[in-house]
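Biologist: I have a few labels to check against the coordinates. Can you take me through them, one at a time?

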Amino acid sequence: MKYPNVHVVGHPLVQHKLTLMRRKETPTAEFRRLLREISVLLAYEVTRDLPLTTEHIETPIAPMEAPVLAGKKLCVVSILRAGHGILEGFLDLIPSARVGHIGLYRDPNTLVPVEYYMKVPQDIGERLTVAVDPMLATGQSAAAACQRLKDSGAATIRLVCLLAAPEGMEHFIAQHPDVEVYTAAIDEKLNEHAYIVPGLGDAGDRLFGTK
Ligand code: URA
């Protein structure tokens, strides 16, 4: 199925690194490094259309009108805790980006997201806001996070994830048809525990070595 406003980043380096991440024997340190590297490539894609202006500079050879990013720039919002793994790659590429955090946990019985923390820059409405979370599983956490960002004034939001399930993608798009989604792959389905199949397991646990 083709989803509107969804960009699947099929770059060979992204796909290769994602396969390494999926392998169950990949250790924590390598998993973390790979997510950071893929995130740089996803950041490159999501910022592809940032507006440019020019400024007058002098090179050692000649003056020129040179391109620079226009206006206020980015706010990257990490959906805790696994979002942190993507945030690091974004900051490698865009060190001056502002950073927000939203803490949501999935109630194990209802699977409904519950907010426990939120802090975003005051001028979020003037920035391109990129919410990051590796796994779009049921889509409920990402949808709830984007709703909180809209309630806080965010005007232009993009969502970056590493992997998505079709069920989560459909839920998210239905809630936020205006938010463009960037992902490295859309997998087959969710299992009965709301894990993505084939997926890569629990991204937070694999990232932080908590299991
Ligand atoms: N969260 C994860 O970390 N993995 C999944 O497969 C689904 C949700």
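Predicted model: local features only at pLDDT ≥ 70, side-chain atom pairs only at ≥ 80, totals over all residues.

Biologist: Why is Asn5 called partly exposed?

Modeller: Its relative accessible area is 34%. Buried means under 20%, and exposed means over 50%. The value for Asn5 falls in between, so Asn5 is partly exposed.

Biologist: Where is Asn5, and what is its phi?

Modeller: Asn5 sits in the segment before β1 (6–8). Its phi is positive, about 65°, although Asn5 is not a glycine. Most residues other than glycine have a negative phi.

Biologist: Is Ala194 buried or exposed?

Modeller: Buried. The cut-off is under 20%, and Ala194 has 5% relative accessibility, so the label holds. Ala194 is also among the residues around the ligand.

Biologist: Which other residues surround the ligand?

Modeller: Arg106, Met135, Ala137, Tyr195, Ile196, Gly201, Asp202 and Ala203.

Biologist: What distances do Gly201 and Ala203 give?

Modeller: For Gly201, a backbone N or O atom is 2.8 Å from a ligand nitrogen. For Ala203, a polar backbone atom is 2.7 Å from a ligand oxygen.

Biologist: Which residues lie nearest the centre of the largest pocket?

Modeller: Ala82, Arg106, Asp133, Ser141 and Asp202, out of 25 lining residues. The pocket holds about 580 Å³ of space. Its lining has 15 nonpolar, 6 polar and 4 charged residues. Elements that each supply at least two lining residues include β4 (74–80), β5 (98–106) and α4 (140–151).

Biologist: Which peptide bond involving a proline is cis?

Modeller: The bond from Val197 to Pro198, with omega near -5°. Pro198 lies in the loop between β14 (196–197) and α6. The bond from Leu80 to Arg81 is cis as well, with omega near 0°. Arg81 is in the loop between β4 and α3 (83–93).

Biologist: Why is Arg127 called buried?

Modeller: Its relative accessible area is 9%. That is under 20%, so Arg127 counts as buried. Its place is the loop between β6 (113–119) and β7 (128–132).

Biologist: What does the side chain of Arg127 meet?

Modeller: One of its polar atoms lies 3.3 Å from the backbone oxygen of Leu74. Residues that Arg127 touches include Lys72, Arg98 and Thr156.

Biologist: How do you know that Leu87 is buried?

Modeller: Leu87 has a relative accessible area of 3%. The cut-off is under 20%, so Leu87 is buried. Leu87 lies in helix α3.

Biologist: What separates the C-alpha atoms of Leu87 and Val132?

Modeller: 6.9 Å, although the two residues are 45 residues apart along the chain. Leu87 touches Val132, and also Val76, Ser78, Val99 and His101.

Terms used
Residues numbered from 1 in each chain as written. Heavy atoms only, no water. Helix = DSSP H or I, 4+ residues; strand = E, 2+ residues; numbered from the N terminus. Buried < 20%, exposed > 50% of the residue type's maximum accessible area, 1.4 Å probe, protein only. Polar contact = N/O pair within 3.5 Å; in protein donor to acceptor, adjacent residues only side chain to side chain. Contact = heavy atoms within 4.5 Å. 1 Å grid on protein atoms, 1.4 Å probe; cavity = no way out; pocket = protein on both sides within 12 Å on 5 of 7 lines; lining within 4 Å. Points joined across faces, edges and corners; volume = space filled by probe spheres on them. Nonpolar A, V, L, I, M, F, W, Y, C, P; charged D, E, K, R; others polar. Near = heavy atom within 4 Å. Lists of a residue's contacts leave out its neighbours within four places in sequence.
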